[in-house]
Amino acid sequence: MRWRAVGMLQAGARQSAVVRELNVHRNVIHKLWNHYQRDQSASRRRGSGCRRITTTADDRYLLQSARRRRTLTARQLASQLSAAAGRPISRQTVSRRLHEGGLLARRPVVCVPLSPAHVRARLHLAREHRSWTSEQWGHVLFTDESRFNIQNDSRSAMIWRNQGTRYRAPNIVERDHYRGDGLLVWAGIATNGRTDLYMFVGGSFTAVRYHDEILHPLARPFIATMGTDALFMEDNAHPHRARLVRSYLESETIPHQITGPESHTACVGHVGKTDCRPQCATRLPPRAPTSLTTGMGTTATTTDQRH
């Protein structure tokens with residue numbers, strides 16, 4: 001605005017006209033014009049203020065440290081810089097210097113980052129199946145599993161990142177870290193039907209457990225009812241890609257295909273819905289695995305009735 005006012009005055013406009021155009025007090029324009037005529041500059045003079053306690057090298061050190069270890073807090077960075085510089089530096093000063101450098105404290109995105117290989121694989125999958133008919137898709141079984149826990153991650157951990165870099169790989173956390181008991185839910189869906197909703201209490205989701213409790217007793221019989229042309233599709237979670245699982249599928253002659261990176265947001269049974277949270281949420285948060293199992297069973301029954 002300062003240079004705009006100077007330009008209007010240089011073009012021959014009266015100060016009263018500039019005041020009305022910019023909607024400012026007449027003293028502002030008068031002092032600005034005197035300042036420009038005296039110093040040939042419309043820039044604001046630097047105020048006295050407090051002396052900066054950090055040097056340019058200190059600011060560069062803070063930015064580099066925050067980018068290398070994005071989970072460090074401002075207090076931890078202040079302690080490191082104070083020890084290196086030999087003088088006390090406050091947490092507020094560190095935060096201001098990082099903000100000046102474009103780094104802001106934000107929660108990391110929880111998703112699987114798409115690498116160039118993932119992008120190529122997804123594009124290849126889309127091109128390979130874009131001409132499929134409804135009859136061909138009728139022989140495909142999609143399966144997925146989700147974990148529900150009593151206590152979820154508080155998401156209190158923050159990272160330092162620049163604006164517009166939310167989905168870059170260094171700013172992504174692939175998994176939530178959960179505490180407490182919970183259960184694993186698995187189901188499969190096809191165009192002409194779907195499996196039941198199966199729940200497994202406790203334990204980690206490993207390749208051995210996937211083979212013993214899901215793949216052999218649940219997925220294989222359902223695939224057998226779909227005929228010889230059935231195709232088994234699932235994401236690339238670690239248990240799905242294990243050697244034990246691949247060997248079993250080959251021994252049972254089950255056609256198998258990986259669809260892409262694991263998704264934590266898909267809800268089996270509500271594929272295609274824009275928002276399934278009202279259907280999936282219970283009225284009261286569960287306090288124990290038994291109440292969580294009961295709530296999931298009630299949700300599955302309600303969903304079956306609606307479909």
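Predicted model: local features only at pLDDT ≥ 70, side-chain atom pairs only at ≥ 80, totals over all residues.
I started with Phe142, which turns out to be partly exposed, at a relative accessible area of 33%.

Phe142 makes a stacked aromatic pair with Trp137, with 6.3 Å from centre to centre and 20° between the planes. Trp137 is partly exposed too, and I have its relative accessible area down as 26%.

Then I turned to Trp186 and Tyr198. Their ring centres are 6.0 Å apart and the planes meet at 40°, so I logged this pair as tilted. Trp186 sits in strand E6 and Tyr198 in strand E8 (residues 198-201), so the pair ties together parts 12 residues apart in sequence. Are these two buried or partly exposed? Trp186 is buried at 1% relative accessible area, while Tyr198 is partly exposed at 28%.

I also jotted down that the structure has 6 aromatic pairs, and that ring pairs join Trp3, Trp33 and Tyr36 into a cluster.

On to the cores. Trp186 came up again: the largest nonpolar core has 20 residues, and Trp186, Tyr210, Leu215, Phe232 and Leu249 are the ones with the most contacts inside it. Which elements give two or more residues to this core? I found strand E6 (179-190), helix H9 (207-225) and helix H10 (243-251). H9 supplies the largest share, 7 residues.

Leaving out neighbours within four places in sequence, Leu215 is in contact with Tyr210, Arg220, Phe232, Val245, Tyr248 and Leu249.

Last entry: there is a second, separate core of 13 residues, and Leu62, Leu72, Ala78 and Ile89 are among them.

Methods:
Residues numbered from 1 in each chain as written. Heavy atoms only, no water. Core = buried A, V, L, I, M, F, W, Y, C linked by side-chain atoms within 4.5 Å. Buried < 20%, exposed > 50% of the residue type's maximum accessible area, 1.4 Å probe, protein only. Helix = DSSP H or I, 4+ residues; strand = E, 2+ residues; numbered from the N terminus. Contact = heavy atoms within 4.5 Å. Phe/Tyr/Trp six-rings, centres within 6.5 Å; stacked < 30°, edge-to-face > 60°.
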